[in-house]
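Please look through the sequence and the model that follow, with attention to charged side chains and how they pair.

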Amino acid sequence: MTAVHVPGIPVIEAGQLVSTSPATGVEAGRLPVATDVDVRQAVDRARVAGEWWAGLGFTGRRDRLLRWRALLAKRIEQLAEVVHAEGGKPVPDAIVEIVTAIEHIDWAARNAGRVLGPRRVRSRLILAEFSGHLEYQPYGVVGVIGPWNYPVFTPIGSAAYALAAGNAVVLKPSEYTPAVGQWLVDSFAEVVPEQQVFTAVHGLGDVGAALCRSGVDKLAFTGSTATARKVMAACAETLTPVLIEGGGKDAMIVDSDADLDAAAEACVWGGMTNAGQTCIGIERVYAVDSVFDTFVDKVVTRAGRLTVGPEGADIGPITMPKQIDVIRQHIDAAIASGGRAALGGPTAVQPPYVHPTVLVDVPEDSAAVQEETFGPTLTINRVRDADEAVTRANALPYGLGGSVFGRRRAVAIARRLRSGMASVNSTLTFAGMSTLPFGGVGDSGFGRIHGEDGLREFGRAKAITRRRARSLLPSMTFERTPTDMARLVKAIKVMYGR
């Protein structure tokens with residue numbers, strides 16, 4: 001008899017992790033669950049593979065990563081269908097996600113040698129007889145714990161950069177999207193069949209914990225702030241360094257001189273793409289009083305046109321069923337505390353879907369403003385000016401991304417946001433720009449993926465000095481004389497005593 005599955009709820013059957021569509025309940029993936037021993041053995045195999053992979057050098061890794069990039073590009077529709085079937089994400093949104101991931105693979109592959117390779121570093125006069133050299137050596141094995149909301153883009157944001165840096169990678173995909181993670185691993189194996197350089201282990205949270213304790217040399221995690229703390233605690237047992245992307249509650253500021261049509265369009269996209277299930281999604285908006293009413297009307301008009309459903313719609317189902325309760329609670333609390341639904345509201349929650357909801361005049365201490373909602377909802381509040389908007393935007397412990405719309409002061413306002421990233425007159429664009437680092441501050445985590453900082457995150461800095469001449473001011477030797485020390489003191493006073 002075929003088991004009946006609750007849509008979207010991962011279950012374990014006969015030692016296998018089963019994932020299902022949150023919209024239909026149709027089985028999307030079935031992967032073997034890893035034991036603690038399995039996880040450790042995967043890491044051990046990856047360590048051997050990593051030595052071979054590092055030995056290919058930057059050029060050899062570049063060629064193979066570019067072949068992987070090409071394979072993903074050729075099969076973009078196939079992968080998008082897997083993402084849609086397993087997580088419910090509309091196919092167009094899945095394609096945008098994959099396109100962004102492909103761009104990051106390409107940039108990491110092409111730039112790793114330049115950023116991480118050996119280079120000469122200028123020495124200073126006090127040690128002029130030595131030359132300085134710097135390079136970034138791979139850690140060995142990097143563990144990656146990925147999320148379900150962007151099961152391609154987010155893991156690749158760590159994995160591609162770690163691979164380009166010369167590491168092997170063991171991925172633990174979210175239990176809600178294991179089939180997507182396995183698809184990525186299998187496609188990589190097609191272009192790198194020699195060794196298991198990029199592998200996956202599957203299961204629930206205990207498998208992620210096992211990966212933290214498995215002997216990986218570094219671990220990159222994306223998920224909730226609460227889980228991030230558990231990951232850090234587990235990794236602390238072995239002093240395993242971690243890179244953390246936690247939750248977010250990103251704000252948009254709309255200044256008095258903003259292009260309101262452009263701001264409204266970007267706000268709806270930033271807040272409701274992927275059904276609002278985006279760590280860097282816009283959840284809070286602060287609009288200056290003089291433009292507030294017009295801006296809200298434009299947002300409501302655009303959001304009201306969005307379609308909701310399983311196929312061909314703008315907004316798909318909520319991937320993680322229990323999140324629907326959080327979304328409902330936030331909407332109810334906002335209304336109960338004096339907020340008003342300009343669009344949607346409590347009736348918008350129709351599991352497994354949530355229809356677009358725009359809440360206005362919500363008190364700042366409401367859960368809808370304070371906590372991550374992760375649904376197609378927006379709170380839009382009126383502020384006197386941009387200064388008040390910045391104060392409110394910075395009031396939460398989160399600090400992932402943000403957005404500012406305006407002309408004269410927009411960039412200056414963006415600089416004042418307590419966040420790792422900000423977009424001016426757009427939303428979310430920093431995620432797709434492969435040349436920029438991605439990451440947050442505060443409860444949103446630390447460390448960076450993407451860009452040069454992202455490459456360096458996956459390499460150990462190795463400093464080397466080399467003597468090239470006799471020391472004119474010998475000091476770091478027991479052969480030094482009182483005369484040498486007198487000359488050294490005199491030189492320091494001349495050089496630095498003014």
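This is a predicted model: local features need pLDDT of at least 70, side-chain atom pairs count only at pLDDT 80 or more; totals for chains, interfaces and linings use all residues.

Since Asp-261 belongs to helix H9 (residues 260-272) and Arg-302 to helix H10 (residues 289-304), the pair ties together parts that lie 41 residues apart in sequence. Arg-302 is likewise partly exposed, at 22% relative accessibility.

A second pair sits within a single helix: Asp-325 and Arg-328 are 3 residues apart in helix H11 (residues 323-336), and are therefore separated by about one helical turn. Their side chains meet in a salt bridge at 2.9 Å, N to O. Asp-325 is partly exposed, with a relative accessible area of 41%, and Arg-328 is also partly exposed, at 30%.

In helix H17 (residues 482-496), Asp-484 and Arg-487 are again 3 residues apart, about one helical turn, and they form a salt bridge whose closest N and O atoms are 4.0 Å apart. Here Asp-484 is buried, with a relative accessible area of 13%, whereas Arg-487 is partly exposed at 42%.

Over the whole structure, a search finds 29 salt bridges. As for the annotation, the unreviewed UniProt entry places the feature "domain: Aldehyde dehydrogenase" at residues 17-463, a span that is 43% helix and 20% strand, with its end C-alpha atoms 45 Å apart.

How values were computed. Residues are numbered from 1 along each chain as its sequence is written. Side-chain values use heavy atoms; hydrogens and water are left out. UniProt positions are given in the numbering used here, feature names are shortened, and annotations may be inferred rather than shown by experiment. Helices (H or I, at least four residues) and strands (E, at least two) are DSSP runs, numbered from the N terminus. Buried means under 20% relative accessible area, exposed over 50%, partly exposed in between (1.4 Å probe, protein chains only).
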